[in-house]
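Q: I would like a close look at a single part of this model. Please keep the account plain and define the terms as they come up.

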Amino acid sequence: MTRRPFVYLRFFWRRLSRPDRIALAVVLLYLLYRIVTRFGVAIPAGPFVGLLAFLALAYLAVRLLAWARGRLLWRLRNRLIVAYIFIAVVPVLLLLAMAALSTYILYWQLGAYIIYDDVQQRLGELEHVGDAVLATLISGGPVSAERFSTPGVTAMLESARRDLPNLQLELNTGKELLARPGHAESSSFRGLVQVQEKLWLRAVISRPSPSGRVIVSASVPVTPGLLESLAPEMGPIRVNVTQSAEASDSESTVRIGVDRYKLLRGGAVATRRRELQKPASWLDYAVEGVARLDAVTSAGADTSNPVLISFVARPSALNHRLFSSLGEIASATINALFFIGVLFLMIEAAALVAGIMLTRTITHTVSELYEATQHVRRGDFTQRVRIQQKDQLGTLAESFNSMTSSISTLIEEQRQRQRLENELSIARQVQEQLFPQSVPSIPGIEVEAICRAARMVSGDYYDFLRVGPSRLGLVIADISGKGISAALLMANLQAALRSQVLLDGGSSAVVDTAATVKLLNRHLYINTSDERYATLFYAVYDAETLTLSYTNAGHLPPLYIAGDSVTKLDRGGTVVGLMDGVEYEQGSIQLEPGSLLVAYSDGLIEPENVYGEEFGAKRLLEVALRNRNGSPRGIAEALMAGVEEWASSPEQSDDMTVIVARRK
């Protein structure tokens, strides 16, 4: 009993991949490091230790999430429920969240607009007062500051100060606000004006008179009293005045667009007696927002600073302002919108219940199918699935019943397949006889080759041909397709090539691999179908001249390694057997002492690891360079072992062939 936990741990450890084990070891070592340092033991460690542990922990979290997903979603019922949640529930929740956010932004914008509208209304009233006073002054004779004390102007000001507290009038001031750069001087101005840290509502009106142009400036300071009269639907309001800030300023600065501004504490004005209204319902949340207005500085109309007006309001109060034009039907409109929302939620709940019921119907049929498959697994082919409904699942159950009734036919087909596999085994033995049984001995060169078929028979071909007393032909080819058809074409290719080499007999003083490949292409084009072809690399080594002549017909370029130099042997032409009349060219290299030639098929570079990465020609070259001091046989085995270790799969996806030759 005491050994059971260790058995579980060993089983768990064996199930882990190498990256999993490394990541787990890193996390455990980091935890041990933290425990030891907690007790005061100083262990030197670089700053990257924590980062490494975090990356390992993140990797393990991703792996654990994938494992949990596989375990939790194994049952079809769980999969359907999760799918329904993502398809139906999550979009509805996202739409509700989007609707709530949009509603909040809408009320924010509405509150900002109400403040802006009320400020513009006050400015309009201020301009109207200034215009009326100026008209009175001009019509009464010579204009002077003493005329502001006349009964008519005084009565007009007293009436205006009810809505514009602390209203002030000035004569022939504010001319700088009428002039804008690039424009003619205007006859009026109204807007916010910032004088140092103070903010004013100001209107400037200019009119001609018999004694010259007269300017009247009407202004009202922005005070808590003025704010109390703005937007009565809202709660507390606060006005913040700003000025341009330097990059070095860091206290009380905000960024508006691309510019930085500093909040002026002395210019902040807020309401004092306002309180936020009580919520009309549980959905009547407080909306906090900021409205921006521009205040012209006292320097003139060409410069301005932003004014930030923060506010708090209830949607119910804003609705009252928004739907004021509807009158008595405003509340009915809001109630209708609320009713539609509740109706939509009820429909969503009904859809959720219907989805669960459909899920149970589906999973019940699937459960019966699963039980029936367990009977088949035990060899009981009499089990049948009940067909409850005439739908796709019912058709599936009917198909399962039909399958179990015809199981004997499948068994007979299996027997026939076994006979075919036996015949393929015989074909493999025959094909093995076609490969060279021994390597011809040529002075100055060592050659080895390995071919591992992905199936019973191989579509790859390699050969060593003696071309005269001092010449050795090296051949590697990859036939299109796999299986028997590729093996037959491989035998045809071997017979044609060997017959051409025997006819030549090495009597020619000049090696012409291009001519041999051209004749081979002609032979295959005539004697094979249009879709059949082969990639081919044919080379002849001359021991007297220490020269390797070659022609590459569309094959992966072999690697010639001499010291630190790597050369790809790619001169030649296109594949053989696909087109007639193709011209090929011959390449030639002088083999240096100790140099290495590695020729391979695509099955050696295309295997993928668990992450979908191919082994690739670059890694193949790295393995060859690491083992270049070994024997040709050892290098070939190292290449095969490197590919198999990379793929970590007992099943090959393609034939793998490699030829390794070394100049002594």
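What do β2 and β3 form, and how many residues lie between them?

A: β2 and β3 form a hairpin with 2 residues between them. Q196, in the turn, has a positive phi of about 55°. This is a predicted model, in which local features need pLDDT of at least 70 and side-chain atom pairs count only at pLDDT 80 or more, while totals for chains, interfaces and linings use all residues. Residues are numbered from 1 along each chain as its sequence is written, and side-chain values use heavy atoms, with hydrogens and water left out.

Strands here are DSSP runs (E, at least two residues), numbered from the N terminus. Two strands pair if DSSP finds at least two bridges between them. Strand β2 covers residues 188-195 and runs antiparallel to β3, with 8 bridges joining the two. Across this pairing, V193 stands opposite W200 in β3.

β3 also pairs with strand β4 (residues 212-221), again in the antiparallel sense, over 10 bridges. Here R207 has V214 in β4 as its bridge partner.

Notes. Helices (H or I, at least four residues) and strands (E, at least two) are DSSP runs, numbered from the N terminus.
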